[in-house]
Structures are given as structure tokens and as C-alpha cells.
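User: Please take me through the strands of this model. Keep it brief.

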Amino acid sequence: MALKIVKGSIDRMFDKNLQDLVRGIRNHKEDEAKYISTCIDEIKQELKQDNIAVKANAVCKLTYLQMLGYDVSWAAFNIVEVMSSSKFTYKRIGYLAASQCFHESTDVIMLTTNQIRKDLSSPNQYDTGVALTGLSCFVTPDLARDLANDIMTLMSHTKPYIRKKAVLIMYKVFLKYPESLRPAFPRLKEKLEDPDPGVQSAAVNVICELARRNPKNYLSLAPLFFKLMTSSTNNWVLIKIIKLFGALTPLEPRLGKKLIEPLTNLIHSTSAMSLLYECVNTVILCVQKLRILIEDSDQNLKYLGLLAMSKILKTHPKSVQSHKDLILQCLDDKDESIRLRALDLLYGMVSKKNLMEIVKKLMLHVDKAEGTTYRDELLTKIIDICSQSNYQYITNFEWYISILVELTRLEGTRHGHLIASQMLDVAIRVKAIRAFAVAQMATLLDNAHLLTGNTQRNGICEVLYAAAWICGEFSEHLEEPMATLEAMLRPKVATLPGHIQAVYVQNAAKLFATVLRGQEGVPADSTVAQETSQLLIDRLPLFVQSSNLEVQERASCILQLVKYIQKLQQKDVEVAEEVTALFAGELNPVAPKAQKKVPVPEGLDLDVWINEPPSGSESEDEGRKSKGKAVFAKEESRHTKPRYTEVDEKELAKRREVRKAEQANNPFYIKASPSSQKHSVSKPNPSPSFSLRLCHTLTHLLWMPMSDQYVKLEEERRERNKADKKKKKDKKKREKGEKGHRRRGDSGPESEEDITPAHMVDIVTEEMPENALPSDDDDKDPNDPHKALNIDLDNCPLMDYQVVVSVIFENKCDSFIKSMEFNVLDSLNSKLQRPDGAGPHDGLIVPFQLPPGISNEARFIFSVQNIMMPQKLKGTLTFIVKTDDSSTHEKLDFKLHFTCTSYLITTPCYSDAYSKLLESGDLKGCSLKLEGVNQPFHHLLARICFHHHFSVVERIDSCASMYSRSIQGHHMCLLVKTADQTVSIDAKCDEPGLLGNVLDEIKLTFSQC
Amino acid sequence: MQFMLLFSRQGKLRLQKWYVPLSDKEKKKITRELVQTVLARKPKMCSFLEWRDLKVVYKRYASLYFCCAIENQDNELITLEIIHRYVELLDKYFGSVCELDIIFNFEKAYFILDEFLLGGEAQDTSKKNVLKAIEQADLLQENRPRQFFFLSAQLTTEKPL
């Protein structure tokens, strides 16, 4: 026997430990996966042994493997075993493994509650320490709820080592279990003045984190923090406090003034850059200091300087604008992060005056930029800068359009659609620019081959979408509509993505209408118009064959229309008017938020099924079908199912048939392969793509009006304007001068208002639905976990708890009752919660009226401080009784009885936790005997459960243990026994007063039956 | 702080500590993405980058990259300081630490980190305190498990049949 054990131990000596494993992995570089899989097999064997040392070793190795990316979730239970070891050596390893491997959905976490509780209260501070550390990584809402009290106690532990850990972990607990914040807060506040600096800084940490999210609840702590800030010398703590004040100052402007002095002291005295950065960040008062940061050769400081500057920009744009030179310089930096930061800053710095200049610089950078990501970033920034706040800074839209057109030169950009949407937006909203835009777009269409190049995926071809639409919609501005129409129907178009082709086809029709009108205006030449129709009839069939359904549908529709028109034309009928009428009316832009702003009409519930959903998803249908018809046949013959499902099944079968037929007839079904494209390109155009590439830049120069020209024009125009104004001014002055008030003429820098837009730009605002609700909370994230922590901690300085009372009102008379008002005379202990702004004696309006014979329920919330005693509250209900001819005011007095039972919440409890609870010895006992109870035991238990909110933990024969918990977290345990009509109840609770009262109430329940 | 990663120049993960609960899949994805981005950066570039809605602060010490993710309002420089402080702690504990120390004693590296940071917040700013706590906890921990087996084997032989 002993020999066997010895042998086992010696075997184990040759087990791999962690170092061996690591060494092994390093020695098996070629077949690492294979080596590790044998290791995992070994570990599985080791975990099966009883020796905890072996298990711990195995778990330690698993933790390492987990880091390498191997799944070790199967060993979760073994980890718990090692955690539960009484030896610190193993416990430490177990907790480490748990903190690395467990997450919220690990189900064994449930089993750890009691173990962790035991470790938390261990006499060895390091046991407690590892438990707290581990818990900080895998705390779940359940663990937080169950352990909140234990951790709260630890906050007052004698050892600072434990105190600081407990304080820090409370933050995690608050996040998971927000209810714990209120009871824990007073103690947390106390810790701000803890003698140990570590604990103090931990408390500062936690409160700062809390306050940053919901600053208004922590305003009252400002004086305390102010004291800390002026007395502390710890940079880490100071940074946190300054951050906290940064969050508080917007709420309490007076704080700002008070802070200036200590902060400037810090800024001047500190040598720590991090602290300086924090101060500067918070005060935002010295931009000059930032310039030093940005000019520094250290890339880190440069980056942070730019970051801080962008924050200042939001509040003081003027002070930043003077550093434009520096920021433009940063655009040339080698480091992409820094360039991007600088770009962000530029966004906020533009004005009407410098927009063109800045964009010109950016365009130069676009040309120089290497790598598409940065170039794309530049492109989006240019568009952002120009389009910000409704094109506020653009004075010359012709310039902007030409910038957009120049941007289309970028090859391989992902942002074609962005440029396209800008083109569309400008063309639609700025009416004055349409003629110019249309001319530009026509050129674009004419040179489409330059944009598409030879790559289908080239994102830039998206701009053709915009170009085609603009030319079609505003075709009346076209100078040569016929040429554009021809350009839009070139065979090469068929190689564009489907959605663009669709727009081409549709807008070709619009253009056609315009062309017809022009041609019919000229008398005696009907053949020209007919030729136009013939052009469409010749070219459209290409699109009718398209694999894209949208294109196909539009093309065939329009083709038929044109054929019909041609017939009419041959009979010399004038059709232009009618064709134009097809596209009459103007499209207006709609705000992106418009849909959201439309209120849901009353009585419309969008979540309700209009028709019952079909009984299964498509894939299920297919599955059933493959199984054969037996399933249906059976169901139908039995007629067990309700009628509507039967119809559904038939309907489904029918639909399937139809779908199958459809698929069979549709030549485009399963035609995603590229071979289908051969279809559409009937005559592959011999496109000389490389020769075109060569002259790429050259042609651009020829056919694009360079935006620079516009910059120049604009400058000249401004000069002229200025001169004009000056003339006027001078004139005025002269007039004044005659009166004797001559002043020196000033020629200071032109101010923002002096620049007038080139032409009266009529920016059409986006349409909003008429009944839109003004809501500003469009962008609040409802899932933010910090929202739950928004608890007002000042209004209720004492811990108090809520009881919800639901009251059923029944109208027993024959008259109509309305305007009910519910009021209760508050006691010191229990208060009715009234809405904000209501006085302490105001009643609450019951939110409904009662017709005769009707009852309805209303809920009222009471806050209660002390739950040890039952209470009675006096209250009145006032209401108006309305009869046919009169209405009278009436009053009803009542008493609200809060029993101690009403403070108990049914809480399930596991039997092992229950026995631990009893063993702990914290509970005080009390007992009760009931005689002459002649009802079955299970009735009796059910009665206690129902009336007194207990749950049964365990029941053996005529003996049962029960558990409940008060709203303040008191545990209450009952042991109920019955023999010969006598019931004895042994009860234990950590609050004897509460227990006595509950027992009295139980007694009363049984005496009444 | 949301998480801390240690990885080598070859992109091998050496240590990971997550202060937010995430699934393994998510963790792997983030790790892969970040390791790639950080390794791609040139030595002269700054230590900060914006990544998703977080800020990433990293620093290279010899062959190891220390990389932390912090929230938007957090202070980057203090995070650099935290990284540096952790390296100092490792250095003091192992005596001029190298990558191999962390590989072979990775559990120790975790213990030190856990003494220094809790739930992503620095728990003690004093190096001395942290090291003292680690040393005392180490004293509690019995000597190497291997010796322990040997002792237990001896004990069992002494038992009568």
C-alpha cells in the first residue's frame, strides 16, 4: 500500500512543471501544436489525481497555455478546486488561473461564492488579498450582489493592505451591482481621509472614476478634494483630483476661479510632465505652453500637445487659430498619428477667410501622400472641413465643385461614394450652382473612362452615379444634352456596377425628354427627334440584358416607352411635353434624422405581429421537405393543430412551389459567376486602357478647370468687394467730414463679416416632418453601464430602502369616480416618494378614473429607514364622485399597515450556503410553538412561503428549513417541525428585533385560519 | 485601464491582463489586431494611438512591448509611468529582468502586476510597499513544488504498513 503511494509520488517527481513546459515548447518550435496537445493530455491525467499539488501544477501550466491561445475552459472546475485549497501556494495559483480564464459566462463562478467569502474573511491577509485580486477580474453581477457586504466590511479592515484593495474593488462591484453604491458611499468617503496614503489614493481613484461619469452627485465633495489637492504631494493622486475638478467645474462655475491659483502653482512648480499635461488639459488657459509641447522634438509630447489643443479649440477657437502655421507644419511630420491629429485640428480652425488656403494646402498633401489610408483620411477631412455646419465657410461653390472634381483623380480611394454624395448634396441644395455643376458633371461623364480605369472595384466610379443623376435631373442646364445622352449610353457603361448603370438608364430617359423638347422646338425637322429615339432604341437593349435586375427592369421599361414614342413621332405627334411631364417636380433633400423624429402614432404597436408568423424559417422548411411528406400528412389527418397553422402549412407548400417555379424560370438564378457578365457585354469594346493611362494627368490638366483658378478669381472678387466697400465708406466719411468729424481711415484686416458670398447662395434646408419632436438626446448610449450609477448621494444621506405598495382601487358605487388623489402622512421612518418639486404634504394623483364597478391598480413607492418594527401610516384618498346632475368632493381615510414581513424578499438559497450561514454563528435564535394546527405540512409551508415571503431550502419528512432575506440584507432562517398538530418553529436571524416581529406575524397568520 | 498586454518583437504574447470581461474570442481578436498595429510602427513614432474608442499607450523595453489600453479621458503620460513602474518592479524582483524571466516565471510576473494594479487602477504608488507585499506572500508560498513531493514521499515511507 505505502509502496504504491511512494511509487505514485516518485512518478510525480517526473511530472513536467511550468518551466519544463516552457522549455519544451521552445525546443519544439517545428511541431509546437503537436507537442502542446500531448502536454494537454498529460495535464488531463494530472487533473484526475487526488493530490492537490499535482492539480495546482497542472492548472499553472494551463494558465500558460491559455495565454498562448489554447482553450482551457474545460478545466474551469479544476481551477475552482485549486482555488479552494487551504494552502496559500495553491490558492494563489488557482486564483491567478481563475482571473485569467473566467469571464461572466463561465458557469462554475456560481460555485465560488462561498469559497470567496471564506477567503475574504481569512485571518491571513494574503488569502484575502488574492481573493480580492481575483475577484476584480471575474466579478459578475451575482457575485457582486452576494459579496458586496463582505467587501464593504473589509474597507474598514485593520490592515491597510486589505483596505486599499477592498476600496479599489468596490468600483467594480458598483459597476456590476449599482444598488451597492448608496450603502457603501459613506464609508468610501471616510476613506478619503484614511491615515494610510495608499488607501487614500485608492479612495480618490474610485470616487474620481465615479464622479467623472456622473459629476453632479459629487459636487458636495469639492471642498474635501480641494483640501486634498492643496495638501497632497503625490502626483498620481493629484492627476486624479485635477481630472475630477475638470468634470465638476462645468457644473459649478465658481469652482473655476478658486482652482486657478493652486493649478497655476502646480503648473509652475511641477517637474512631472504628466501632471503638467493634466493641469493644462483641465485649465485650458495657456496655449503658449502647448506650443512648447508641440515644438518639442519628443514625438509623444508633440502628439499630446496637438490633442490638448484640439480640446481648447472647442472653447477658444481664436486662440488656437494663431498657431495655424505650426499645425500645418505638423502635416509634414513623418509620424502618421501626428499628421492625423493635426488634420483634426484644421477641421476646427477654418473660417471663411482661410478655407480656400487650407484646402489648397491639403490638396498638395493629397498629391504627395503615400499609402491609401492616409490619403483617404485626407480626402474625408477635406470634405468634412468644407461641408461642416451646412457649408458655413464656403463662399464660392464653383470652387468647391471643382475641388470635388479634382478629388476624383484619386485612384483606388474608398471614398468615391462620399464625393458623390457631396456632389449630389451641393447640386440639390445650392440652386445657383446647378448650371456650373451640370457642366462639370457632363465633362466627367464624357471622360468616364478615365475614372473607371480598368478596375471594376475602383471606388471612385461612384462619382459617376452622382454625375449621371445631376445631368439627368437638372438637364435643362446642359448646353449639349445630346452629347451627354450619347456619353451615357456608351457600351462601356455596361461594365460599371449595377446600381450606377441603373441611374444611368433612368437619367438617360430624363435627358431624352429634354433633348426632345429642344428638338421639337425647332420647326420642320422631325427627323432629328426620331434619330434621338432611334439612338435609345439601339443602345438600350444592352442594358435590358444586364444581370442586374434593377438595370434590367428600368431599361426594358424605358425601351418600351421610347418605342411607343417613336411610333407617335412617325405620325408627327408632338410628344415632348408629355415625356417631360414624366419627370416633373423637384426633389427636395430630407434630413437624415427625419424618420426618427416622426412620432409613432397613438395606438400603433410596431412590435405586434400583423399576421401570425409562419411556423418556421425557410431552412426549416427545406429540412422538412427533405424528410418527406409524412410529417404534413400526419398532421393534417389528425387535425390536432389549430386551423390557422394548417392553412399556414398549405400556404407554405404553395409558396415553395411558386418559388421553385420562379427559380426554374429565372435565367439569372444562380448566376453569380463572372460568366454571366459575358452576356451583358455583347460587343467587348477594344478599350485602349494603357494608352489612356499614359495621358492621364495630361488630360486632367486639359479638361478640368483647376480649383486654383477659382481661388484666384475669388481673391480678385474679394479685393473688388473691399474696394467697393471702401469707396462707400470713404463716401460716407466724406459726408461726415463735411460736418467736421473727420477721422483717419482705417485699413485693418478684413473681418469675417466683410466677406460676402460670390453669388446669393440659396442653401435649401433639409426637410423635416411637420410633427417632428424636438429631441436632443439622439446620441445618448442607453447601454452605458455608468448610467445605472447615476445615483443622487446627497439627497438621502441616511441609508434608506424602498418598498413598493400596490393599491387596488375598486369602485363599488354606481357613479363615476375621478380626480383621485392619494396622500399619506409621512412618519419619520417611512416616507411616500413624491415627484421632484412636490412638497412633503402633497398628494399623488392616481393616474386613472374609475367607472362604476371597475377596479384598477396603482403603485406607490415608500422609502423606509428602519425595518425592525411594523408600522401604520395614516392616509387619505380624496376624489370626485360624478353623478348625472352633480359632482361632489369626497374623502376616504385609511391606514397603511407595513408589517415586518413586507420588508422580506423571497430569496432562494442553496443548502450548503444555508448551513454555512447557520454555522457562522452570527445569527441569534428565537423560537415559536403553534398548537392545534391541523393542516397538512405542505399547506403549512406554502402558507409561510406565500404570506411571509420565505422559500423552502430543504424538506425532510415533517421537517423543513426555510430562508428569506430583508431588503437591508438580513438573513432569516427558519426550521419548521410538526408533530401531532403542534408546529414548532426555530428561527435565526442577525437582527433579533426583526425576527421577533416576523414570528409574531406568522403566529397571527395561523391563529386567523 | 482596460487591459495590458506584453508581447515580443516577434508578436508572441508574453502576458495579458484584462480588466474588462470579454470572451476568449474577442480577446484573441483584439490581441492580434493590436500586436500587428503596434509592431508596424517605427521606433521614432510616438507611443500613443487611437484605436476603436480607446487610447493605446505602448512602450518598448528591449525586446518586449508593453501595451495598455485606456479610456478616452485617461492620462497617457501617467499610463506610460505605470508601465515604467511595472518594469522597474520586475527589474527589482528578478534582478535586471529579461524576457526569459517573464516567460519562465510568468505567474510571478502576474503576481507582481496584481500587487501593483487592481481592477486596472494603481493600488500603491510606492515601489517599496509592492515589493514588500510580494516578498511576504512568497514567504508564505512553500518552496518549489518538486521538493515538496520529495518530502511527502519520504514521509509516506516512514509510515508503518
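User: How many bridges join strand β6 (residues 871–882) of chain A to β7(A)?

Analyst: This is a predicted model, where local features need pLDDT of at least 70, side-chain atom pairs count only at pLDDT 80 or more, and totals for chains, interfaces and linings use all residues. Side-chain values use heavy atoms, without hydrogens and water; residues are numbered from 1 along each chain as its sequence is written, and chains are lettered from A and ligands numbered from 1 in the order in which they are written. Strands are DSSP runs of E, at least two residues, numbered from the N terminus, and two of them pair if DSSP finds at least two bridges between them. β6(A) and β7(A) run antiparallel, and the number of bridges joining them is twelve.

User: Which residue in β7(A) stands opposite Lys882(A)?

Analyst: β7 (887–898) is an edge strand of chain A, pairing on one side only. Its residue opposite Lys882(A) is Ser887(A).

User: In what order do the four strands of the open sheet in chain A lie?

Analyst: The pairing is antiparallel. The order is β4-β2-β6-β7.

User: Why is strand β4 (residues 54–61) of chain B largely enclosed by the rest of the structure?

Analyst: Buried means under 20% relative accessible area (1.4 Å probe, protein chains only). β4(B) is largely enclosed because, of its eight residues, the number buried is six.

User: Which residue in the turn between β4(B) and β5(B) has a positive phi?

Analyst: β4(B) pairs with strand β5 (residues 64–70) in the antiparallel sense, over seven bridges. Lys55(B) stands opposite Ile70(B) there. The hairpin has two residues between its strands, and the one with a positive phi of about 50° is Ala62(B).

Methods. Buried means under 20% relative accessible area, exposed over 50%, partly exposed in between (1.4 Å probe, protein chains only).
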